[in-house]
Amino acid sequence: MTTAPVARKTTTSAPVPTQSRYQNRVADYWNAEENPVNLELGKIDDLYHHHYGIGAADRSVLDEPDPELRKKRITGELHRLEHAQAELLASHLGPLTPADRVFDAGCGRGGGSIVANLRHGCHSDGVTISAKQADFANEMARKRGVGDKVRYHHRNMLDTGFESGAYAASWNNESTMYVELQLLFAEHARLLRRGGRYVTITGCYNDSYGRASREVSLINAHYICDIHPRSEYFRAMARNRLVPVHVEDLTEATIPYWELRKEADHLVTGIEDAFLTAYKNGSFQYLLIVADRV
């Protein structure tokens, strides 16, 4: 039976509960972040994704002789790959109806919730620890005319205050590395109705490689995060009634994105080599995990 939506308020100015010193640092980072690789791509269609891309890249964009057109074409191709990743995640959220509610944990500037709404017509609550991101995302939803169904909140995804069992689906898109997985999956299990679907796309370090590699440590330092080992995802899910039904290794699928981004002089951040080396030496993996709440 479909859970009817309940009245909600947009809470971009609400205090974030149970916020630690580390979480304050993360919030400060994202409140100050103005990275062109996030902003310039989003300006193309007002879909702002805070994650990476998948699929074969059209490398002919690099051959464009006009410098400004070359930048534009590269930016567009990277955005296309990132949007393909968002569509892949949304395609695994299950058979949703326009009356269903979904939860976007660590929503960034809101692209994922918009993609879910466009695909399924559903209601979405996005949560970010950055007040600036929440305000930005709500403005994008209003601009698209979906502010009544897609709303973003300045809250902690570990302690949302939302109604238990109210959500048909929930997800994290490259945001699990900022929190303890046990606490995160406990909150998802609380929010999801029985039979609800949880999806994550995430980078994790490969247990079979050994300890976290030098490149993984560099990525942690760059984003002020703590990348988890692959095995911890499945242990923490099992403890919280989340049963994986589909696991897909997207590592090879994301390498073309990083190879193209490395050559985008106007968008590079300096972390591209660390990602490419870690993916290619086997110490780092890019996974899609789909689980049902039982």
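Me: Which residues are linked with Asp125 in a network of salt bridges?
Reply: This is a predicted model, in which local features need pLDDT of at least 70 and side-chain atom pairs count only at pLDDT 80 or more, while totals for chains, interfaces and linings use all residues. Residues are numbered from 1 along each chain as its sequence is written, and side-chain values use heavy atoms, with hydrogens and water left out. A salt bridge here is a side-chain nitrogen of Lys or Arg within 4 Å of a carboxyl oxygen of Asp or Glu. The network that includes Asp125 also holds Arg101 and Glu163.

Me: How many residues of strand E2 are buried?
Reply: Strands (E, at least two residues) and helices (H or I, at least four) are DSSP runs, numbered from the N terminus. Buried means under 20% relative accessible area, exposed over 50%, and partly exposed in between, with a 1.4 Å probe and protein chains only. E2 covers residues 123-128 and is mostly covered, its buried residues numbering six of six.

Me: Which residues point one way from E2, and which the other way?
Reply: In a regular strand, side chains alternate between the two faces of the sheet. In E2, Ser124, Gly126 and Thr128 point one way, and the other way point His123, Asp125 and Val127.

Me: Which residue of E2 does Ala105 stand opposite?
Reply: Two strands pair if DSSP finds at least two bridges between them. Strand E1 (residues 101-105) runs parallel to E2, and five bridges join them. The residue of E2 opposite Ala105 is Val127.

Me: Which helix makes a right-handed β-α-β unit with E2 and E3?
Reply: A crossover is right-handed if, with the strands pointing away from the viewer, the path from the first strand over the helix to the second runs clockwise. E1, helix H4 (residues 111-120) and E2 make one such unit. With E2 and E3, the helix is H5.

Me: How far apart are the closest N and O atoms of Glu68 and Lys71?
Reply: Side chains of opposite charge can pair when their charged atoms come close. Glu68 and Lys71 lie in helix H3 (residues 67-91), three residues apart, about one turn of the helix. Glu68 is exposed because its relative accessible area is 54%, and Lys71 is partly exposed at 37%. Their closest N and O atoms are apart by 3.9 Å.

Me: How many residues apart are Glu259 and Lys280?
Reply: The side chains of Glu259 and Lys280 meet in a salt bridge at 3.1 Å, N to O. This pair links distant parts of the chain, with Glu259 in helix H9 (residues 251-262) and Lys280 in helix H10 (residues 272-281). Glu259 counts as partly exposed at 28%, whereas Lys280 is exposed at 54%.

Me: Which side chain makes a polar contact with the side chain of Asn173?
Reply: Asn173 lies in strand E4 (residues 167-173) and is buried, since its relative accessible area is 11%. Contact means heavy atoms within 4.5 Å, and the residues that Asn173 touches, not counting those up to four places away in sequence, include His50, Leu89 and Ala105. A polar contact is a pair of N or O atoms within 3.5 Å; within protein, one must be able to donate a hydrogen and the other to accept it, and residues adjacent in sequence count only if both atoms are side-chain atoms. At 2.8 Å, the partner of Asn173 is Gln85.
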